[in-house]
Every structure is written in structure tokens, then in C-alpha cells.
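This report describes selected strands, salt bridges and a surface patch of one protein model. Please consult the sequence and the structure shown here while reading.

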Amino acid sequence: MKTKPSDFGKLYLIPTTLGVTEPLEVLPLTIKRTVEQIDHFIVENEKTARRFIKKITPRKPQSLLQISLLNKFTETEALPEYLKPCLMGLPVGVLSEAGCPAIADPGAVIVRLAHEKGIQVVPLVGPSSIILALMASGLNGQNFAFNGYLPIDAAQRKKAIKQLEKKSRETGQTQLFMETPYRNEKLISELLKSLHGETSLCIAADITLKTEWIRTLKVSQWGSNLPDLNKRPAIFAIQA
């Protein structure tokens, strides 16, 4: 008998914590219940995924876990194999390195493939640093864009910052972006040099952690108010 989509297992998008914090302080019980029912996982990093699963469901035997890696090194040809459990009626979970899968994360490609195969995709509630930063920024939450990472090259980064500021000024749209934590200081320096003094800049660091720090000021007001962001995950938002 041919398998119908209604017989397929579901693909669950399972948010994780944004840093070192107790999972159930920031995640609903739905996450724990879902992880308890799943043995097949698609993850960005096996070590951190196993650690998260053990922390949220300590009684779940690690030997039962079937882990498939999905990162920048994953070959496209390998992806259909990852969804075979779903086609056999078994649930599969997708775990990001931090936060919500498929948002600033390679998980989107497996989600798209699941849709193509008729597999139901179930997003679960959890922390997204992008949305939480926007919520706390005081900037335009009706019209916004997330731009991922800005260019590493200094000249190209400066150009990108100017373009985002111009777009915000013309449309009123909040522009959000991020940086690798160890390059935060260079990005902040460039933002303060390149942006107009009246442009609003929000810096949101360590979201949901005990060291969480979020503040919005005009570029001209930052001065001595700058935090130490070395190696701290952060989201930046501007509105001209």
C-alpha cells in the first residue's frame, strides 16, 4: 500500500535556549513533551544538541538518538535521507544551535524539502533573539527586516550600514542585523562612525540570560554608555 501524507510523521521545529540557562525557565513544557517522543533529530551541532536533549529530558537514553547533521558543510544530496523517518511514520525534530530553527539558521532548507514531500511542519514556541530584541527596542515593530550578518570587509560593511540607514529613513522600517560575538566591538565602532547622530540604535545582548542587556539610544548619545560586548551574542537594530 502506498504511503499517504496523512501517514507521515511530522517535522517538529524545536527551539533551544539562547545560552547557558535552565531550559524550562525560557521554554514551555511542550518542548520537553515533544523531545521525549522523538528519537530522530536533525541538528546543527551534535555535541550541543545531545547536551540540550539530556538536560531537558534526562531520562531519555542517549543511545536511542539518531542524529543527522545539517550545517554549512552538509551536501544537498544527503537531505532526503534525513526525512526518511517521517516518510515511515516517525516524528523528526530539528534543533538549532541556539534559538529557533530555520531563523538565521541552516534548518530552512530541510523545512522547504519537507513541504515538497507533503510532510507536516510543526513550529514550536521558544525564544527568538531577533523578535525579542525588536520587542524590547522601542523601534518600529510594524515594519522591519532582519538582514543577517553584515559584510566582514570594512569598506563593504560601511556601505551596507549606509544603505540600511537610507532604507530605514525612506520607509520607516527597522533594520536588524547581527555579528559574530568576537567582532561585536568592530561593528559598534563602525556603526557609531557611519550612522547619522539622530538615528536610533538598539543593542540587545545576552537575551534571556542573567546578563541580558538591552538599550536604545540615538547614535550621538551612546558615547560612554557603550557596554562591553566582547564575545557576547547580540542583535543590533537601527531606525533613522
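Is E36 buried, partly exposed or exposed? E36 is partly exposed, because its relative accessible area is 43%; buried means under 20% relative accessible area, exposed over 50%, and partly exposed in between, with a 1.4 Å probe and protein chains only.

## Basis of the model

The model is predicted: local features need pLDDT of at least 70, side-chain atom pairs count only at pLDDT 80 or more, and totals for chains, interfaces and linings use all residues. Residues are numbered from 1 along each chain as its sequence is written, and side-chain values use heavy atoms, with hydrogens and water left out.

Helices (H or I, at least four residues) and strands (E, at least two) are DSSP runs numbered from the N terminus. Two strands are said to pair if DSSP finds at least two bridges between them.

## Salt bridges

The whole structure contains eight salt bridges, a salt bridge being a side-chain nitrogen of Lys or Arg within 4 Å of a carboxyl oxygen of Asp or Glu. Side chains of opposite charge can pair when their charged atoms come close. In one of these bridges, K32 joins E36, and the closest N and O atoms are 3.6 Å apart. Both K32 and E36 belong to helix 2 (residues 29-36), where they are four residues apart, about one turn of the helix. K32 counts as partly exposed, because its relative accessibility is 22%. R169 is partly exposed, with a relative accessible area of 48%, whereas E165 is buried at 3%.

D39 and K60 form a salt bridge through their side chains at 3.0 Å, N to O. This pair links distant parts of the chain, 21 residues apart: D39 is in the loop between helix 2 and strand 2 (40-43), and K60 is in the loop between helix 3 (46-56) and strand 3 (66-69). D39 counts as partly exposed at 29% relative accessibility, while K60 is buried with a relative accessible area of 11%.

An open sheet of five strands has the order 3-2-4-1-5 and parallel pairing. Its edge strands are strand 3 and strand 5 (121-123), each of which pairs on one side only. The twist averages 25° from one strand to the next; axes are lines fitted to C-alpha atoms, for helices over the stretch in contact, and angles run from 0 to 180 degrees between N-to-C directions.

Strands of a sheet pair through backbone hydrogen bonds, either parallel or antiparallel. Strand 2 and strand 3 pair in the parallel sense over four bridges, and H40 has Q66 in strand 3 as its bridge partner.

## Strand 7 and its neighbours

Strand 7 (residues 174-178) is largely enclosed by the rest of the structure, because five of its five residues are buried. In a regular strand the side chains alternate between the two faces of the sheet. From strand 7, T174, L176 and M178 point one way and Q175 and F177 the other way, and all are buried.

Strand 6 (residues 144-149) pairs with strand 7 in the parallel sense over four bridges, and F146 stands opposite L176. Strand 6, helix 8 and strand 7 make a right-handed β-α-β unit; right-handed means that, with the strands pointing away from the viewer, the path from the first strand over the helix to the second runs clockwise.

## Strand 10

Strand 10 (residues 234-239) is mostly covered, with five of its six residues buried. Strand 10 pairs with strand 7 in the antiparallel sense over four bridges. In this pairing, L176 stands opposite A237 and F177 stands opposite F236. Strand 10 also pairs with strand 8 (residues 200-205), in the antiparallel sense over six bridges, and A205 stands opposite A234.

## A nonpolar surface patch

I131, M135 and F144 form a nonpolar patch on the surface, with about 310 Å² of accessible area together. Patches are made of residues with over 30% relative accessible area and no salt bridge, with like charges joined within 9 Å and nonpolar side chains (Val, Leu, Ile, Met, Phe, Trp, Tyr) within 5 Å. Accessible areas come from the Shrake-Rupley method with a 1.4 Å probe, and for residues only the protein chains shown count as cover. M135 is found in helix 7 (residues 129-137) and is exposed, with a relative accessible area of 63%.
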